[in-house]
Amino acid sequence: MMSCFKHTEPTEDELAAFHRDGFIAYPDAMKDDYREALIEEVLSPNPIAHFLSISDKERADLDTPTRYFVRPWDDRGPLSDALIDEPLITSLLEATVGPDYHFCHSSMNLAMRGAEAGRFHQDHHHWNHDNPINLAERERYYIQVLYYPNGFTQGDRSLIVVPGSHRVSPTKDTAERLLTGELDDEAGRKLEAIHLELSPGSFVYLNARMYHGFDPKPIDSPQPFRIFLIDIFKEAGPPHRYTQEIPQSWRDKASPERLKLYDREPYTETCWIDG
Ligand SMILES: [Fe+2]
């Protein structure tokens with residue numbers, strides 16, 4: 001098995017950026033041969049190959065013609081599976097969350113030309129959920145690792161980040177007030193939106209309390225589609241909203257270390273009610 005990344009450990013500067021900004025961007029992190037093989041693997045399952053093979057006119061009849069989205073993303077080949085406990089990812093999780101974390105879920109997403117923008121949001125479900133039993137979970141880490149095997153340019157389905165916004169306690173209208181200056185004191189800095197540009201093989205390691213969004217994909221984008229893979233990890237504790245059931249086939253091939261990542265309860269409708 002080829003290794004995925006050019007580096008195996010985060011630097012002190014990168015870890016400082018994570019705590020200061022709420023994310024670390026890793027441009028061009030994947031080895032070239034790995035990146036190319038990963039893209040081929042990710043696009044090869046039949047439903048995805050079919051989605052890409054039909055005409056724009058045929059795709060227009062689908063419910064989501066500009067987007068292909070799978071969650072949980074269970075049909076992962078060996079190259080994408082390897083990302084889950086690659087040395088750099090394990091080192092990042094241990095250096096930020098600590099030793100007690102679990103795999104939560106994963107998803108894959110293709111954005112086609114014409115895909116719409118995504119408004120600012122944060123993904124830490126224990127902040128957006130009303131059930132008081134989750135208040136104790138709010139300060140626990142929920143980490144999103146966002147992979148962009150074929151990259152993106154600014155303004156073309158680019159990820160928009162608001163560095164420092166992980167320090168703001170989200171309320172229902174925080175997203176609307178984020179850039180008005182009202183929340184700068186709470187964040188301890190001026191909150192500004194940055195439209196990233198990341199070359200193929202990049203990833204972003206993100207504290208899911210940080211607000212982010214994305215630009216639309218122009219109808220005349222030179223890139224036919226942007227590939228977006230997400231692995232999510234959670235600090236040990238109750239399930240998050242999307243904490244997935246682990247397929248038996250994943251367990252069957254898992255190392256003892258990997259099995260520890262899977263040793264948590266999946267989300268169910270009642271999992272937050274009984275405590
Ligand atoms: Fe998000």
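User: Let's begin with the open sheet of four strands: what is the order of its strands?
Analyst: The order is β4-β9-β6-β7, and the pairing is antiparallel. Please keep in mind that this is a predicted model.

User: Which strands sit at the edges there?
Analyst: Those are β4, residues 118-121, and β7, residues 194-195; each of them pairs on one side only.

User: How many bridges join β6 to β7?
Analyst: Two bridges, with the strands running antiparallel; β6 covers residues 159-161. If you want a pair to click on, I160 has H195 in β7 as its bridge partner.

User: Nice. Now the open sheet of six strands, what's the order in that one?
Analyst: It goes β1-β8-β5-β10-β3-β2, with antiparallel pairing. The edge strands are β1 and β2, each pairing on one side only. On average, neighbouring strands in this sheet are turned by 15° against each other, ignoring direction.

User: Is β10 mostly buried or exposed?
Analyst: Ten of its eleven residues are buried, so β10 (residues 225-235) is largely enclosed by the rest of the structure.

User: What pairs with β10, and over how many bridges?
Analyst: Strand β3, residues 101-112, pairs with β10 in the antiparallel sense over eleven bridges. M108 stands opposite L229 of β10, for instance. Strand β5 is joined to β10 by six bridges, again antiparallel.

User: And what are the partners of V145?
Analyst: V145 stands opposite D231 in β10, and its bridge partner in β8 is Y205. β5 and β8 run antiparallel and are joined by six bridges.

User: Switching topic: how many residues are in the largest nonpolar core?
Analyst: It has 57 residues, and those with the most contacts inside it are F23, L146, F203 and Y205. Elements that each supply at least two residues of this core include β1, α2, β3, β5, β8 and β10. As a general point, nonpolar side chains in soluble globular proteins tend to be buried together.

User: What does L146 touch?
Analyst: Leaving out neighbours within four places in sequence, L146 is in contact with L159, F203, V204, L206, F228 and I230.

User: I was also looking at L110. Buried or exposed?
Analyst: L110 counts as buried: 21 C-beta neighbours lie inside 10 Å, and the cut-off for buried is 20 or more. The residue is found in strand β3 and touches R67, Y68, F225 and I227, not counting residues up to four places away in sequence.

User: Let's do helices. Which residues of α6 are buried?
Analyst: They are L88, I89, L92 and L93. Looking down the axis of α6, these buried residues fall within an arc of 130°, so they line one face of the helix.

User: What covers the buried residues of α6?
Analyst: The cover includes β3, β5, β8 and β10. After α6 comes G98, which has a positive phi near 110°.

User: And where does α1 lie?
Analyst: Helix α1, residues 12-21, lies across β1 and β8 and runs at about 135° to β1.

User: What about D28, what is its phi?
Analyst: D28 has a positive phi of about 50°, although it is not a glycine. It lies in the loop between β1 (23-26) and α2 (32-43).

User: And R157, where does that one lie?
Analyst: R157 is in the loop between β5 (142-148) and β6. Its phi is also positive, near 55°, in a residue other than glycine.

Terms used:
Residues numbered from 1 in each chain as written. Predicted model: local features only at pLDDT ≥ 70, side-chain atom pairs only at ≥ 80, totals over all residues. Pairing = 2+ DSSP bridges. Buried ≥ 20, exposed ≤ 12 C-beta atoms within 10 Å, placed from the backbone. Contact = placed C-beta atoms within 7 Å. Core = buried A, V, L, I, M, F, W, Y, C linked by C-beta atoms within 7 Å. Axes fitted to C-alpha atoms, helices over the stretch in contact; angles between N-to-C directions. Arc of directions from axis to C-beta.
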